[in-house]
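Let's go through a few labels and ask what stands behind each of them.

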Amino acid sequence: MGEFTRPKVPEGKTDYVTTTQKEIVPGQFHVGYTTTWKSFQKEVPYSTPKKP
């Protein structure tokens with residue numbers, strides 16, 4: 001039996017998610033992927049409301 005090699009997968013990008021393939025580690029069954037999420041919400045500093 002020859003050495004099994006996994007094909008290199010290109011980086012996947014959308015508006016909110018980036019997926020990259022992890023490096024191959026000899027002896028592991030599964031390669032795995034890293035998923036990086038961008039924030040959906042914006043954070044606004046709190047300001048006290050006006051008094052009536």
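Q: Why is Thr-18 called buried?
A: Thr-18 has a relative accessibility of 16%, and buried means under 20% relative accessible area, with exposed over 50% and partly exposed in between (1.4 Å probe, protein chains only). Thr-18 therefore counts as buried. Bear in mind that this is a predicted model, where local features need pLDDT of at least 70, side-chain atom pairs count only at pLDDT 80 or more, and totals for chains, interfaces and linings use all residues. Residues are numbered from 1 along each chain as its sequence is written, and side-chain values use heavy atoms, leaving out hydrogens and water.

Q: What makes Glu-11 partly exposed?
A: Its relative accessible area is 47%, a value that lies between the limits of 20% and 50%, so Glu-11 is partly exposed. Glu-11 sits in the segment before S1.

Q: Which residues does Thr-18 contact, leaving aside neighbours within four places in sequence?
A: They are Glu-11, Gly-12, Lys-13, Thr-34, Thr-35 and Thr-36, where contact means heavy atoms within 4.5 Å.

Q: Where in the chain's secondary structure is Thr-18 found?
A: Thr-18 belongs to strand S2, residues 17-21. Strands here are DSSP runs of E with at least two residues, helices are runs of H or I with at least four, and both are numbered from the N terminus. By that rule the chain has 0 helices and 3 strands.

Q: What makes S2 and S3 a pair?
A: Two strands pair if DSSP finds at least two bridges between them; S2 and S3 have 5 bridges, in the antiparallel sense. In that pairing, Gln-21 stands opposite Tyr-33 in S3.

Q: In which order do the strands form the open sheet?
A: The order is S1-S2-S3, with antiparallel pairing. The edge strands are S1 (12-13) and S3 (33-37), because each pairs on one side only.

Q: How does the chain's radius of gyration stand against that of a compact globule?
A: The chain has 21 Å, while a compact globule of 52 residues would have a value near 10 Å. The radius is taken over C-alpha atoms, and the globule rule is 2.2 Å times the number of residues to the power 0.38. The C-alpha trace spans about 80 × 20 × 10 Å along its principal axes, and buried residues make up 10% of the 52 residues.
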